[in-house]
Amino acid sequence: MNRNRILTVTLNPALDMTGSLGLLEAGEVNLINEGSLHPAGKGVNVARVLSDLGTPVTVSGCLGDENLDTFIQLFKSMDARDEFVRVHGASRINVKLVEADGRVTDINFPGVAVSPEKAEEMETRLFELAASHDYIVIAGSLPPGISPELFSEWLKGLREQGKKVALDTSGAALTAGLSVAPWLVKPNEVELSAWAGKPLDDEASLMAAGEELAATGIEHVVISRGAEGVLWLNNGNWLKAVPPKMKVVSTVGAGDTLVAGMCWGLYKENTPQDVLAFATALSALAVSQVGVGVPDISDVKALADRVEMNALAGKA
């Protein structure tokens, strides 16, 4: 049994090609100062952070069989249990262009197509793993071949089994996922506005939308706002955390790091204030580095002490 493990599911993993440059000039030749290519995908990033925090992880999803090596090496280095379904083709390469001022331009490709047979295999694998994992993080986009409708059926099945599913995705996948009220969701401002179908350009409107989600049965609504911090609604109580100002190197993976921090704190049954302060600090430190991970947990703890925490009145 693996009750002490957290399962992360990345249905559409990628090799992230990250390049740093001074200023991106559209339509021009842009020279990269430095770059890297590493295995990623939102759920993979979450697993890396959880592993660095000392939590055993199982990783699953759909992984192209033509460029497996770097993923396998990463999973071994994390001591992760590899339960990815191998699908025919190469996992996509996504491009992240990081400018000197911290702005990031993402160029994300569709991903390797999942056949009906492999989608069925993924469904079987997911529910087999769910039998021995209580905490499940499902993060990232859907690949061709896995529809939002099928995705929502999977989430519904996990909910019916009482699993604590943390969902971090966007677009049609987010809408489908929200319809079955997972345990935790973490939209950012843009994603929540898209779901609401209107601009949510201030704290009050974001909180009102968050309360709409909570009313459907979602236990934890976490809204990430970049440098402005994090809003968290649980049991009718709002907490707001604002990190100290950081020197931004790259925002790539900061949201995934926040998800990992929230799940880690809740998994450890820490107090709400400690959960949010630690997760916010973890995410803030992530923007000060290139790549995902926790080089030194003492830095996170020190920064958590400087996170500004406030309880807010609800908007209902």
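Q: With which residue does Glu 83 form a salt bridge, and how far apart are the closest N and O atoms?

A: A salt bridge is a side-chain nitrogen of Lys or Arg within 4 Å of a carboxyl oxygen of Asp or Glu. Here Glu 83 is bridged to Arg 81, with 2.9 Å between the closest N and O atoms. Before going further, note that this is a predicted model in which local features need pLDDT of at least 70 and side-chain atom pairs count only at pLDDT 80 or more, while totals for chains, interfaces and linings use all residues. Residues are numbered from 1 along each chain as its sequence is written, and side-chain values use heavy atoms, with hydrogens and water left out.

Q: How many salt bridges does the structure hold?

A: There are 14 salt bridges in the structure. One of them joins Glu 228 to Arg 225, at 3.3 Å from N to O. Glu 228 is partly exposed at 47%, whereas Arg 225 is buried at 9%. Bridges with shared partners also form one network of Arg 81, Glu 83, Lys 118, Glu 121 and Arg 125.

Q: Which parts of the chain does the pair Lys 163 and Asp 134 link?

A: Helices (H or I, at least four residues) and strands (E, at least two) are DSSP runs, numbered from the N terminus. The side chains of Lys 163 and Asp 134 form a salt bridge of 3.4 Å, N to O. This pair links distant parts of the chain, 29 residues apart: Lys 163 lies in the loop between helix H4 (148-160) and strand S9 (164-168), and Asp 134 in the loop between helix H3 (116-130) and strand S8 (135-139). Lys 163 is buried at 12%, while Asp 134 is partly exposed at 29%.

Q: Which residues form the negative surface patch?

A: Patch residues have over 30% relative accessible area and no salt bridge, and like charges are joined within 9 Å. Asp and Glu count as negative, and the place of a charge is taken as CG of Asp or CD of Glu. In this model the negative patch consists of Glu 117, Glu 120, Glu 123, Glu 153 and Glu 160. H3 gives the most, with three residues. Glu 160 belongs to helix H4 and is exposed, its relative accessible area being 61%.

Q: In what order do the strands of the open sheet stand?

A: Strands of a sheet pair through backbone hydrogen bonds, either parallel or antiparallel. Two strands pair if DSSP finds at least two bridges between them. The open sheet has 10 strands in the order S5-S4-S1-S8-S9-S10-S11-S12-S13-S14, with mixed pairing. Strand S5 (81-87) and strand S14 (308-312) each have a single partner strand, so one side of each is left without a neighbour in the sheet.

Q: How many bridges join S4 to S5, and how many join S8 to S9?

A: Strand S4 (residues 57-64) runs parallel to S5, and seven bridges join them. Within that pairing, Gly 61 has Phe 84 of S5 as its bridge partner. S8 and S9 also run parallel, joined by five bridges. Ile 136 stands opposite Val 165 in S9, a strand with four of its five residues buried.

Notes: Buried means under 20% relative accessible area, exposed over 50%, partly exposed in between (1.4 Å probe, protein chains only). Patches are made of residues with over 30% relative accessible area and no salt bridge: like charges are joined within 9 Å, nonpolar side chains (Val, Leu, Ile, Met, Phe, Trp, Tyr) within 5 Å. Accessible areas come from the Shrake-Rupley method with a 1.4 Å probe; for residues, only the protein chains shown count as cover.
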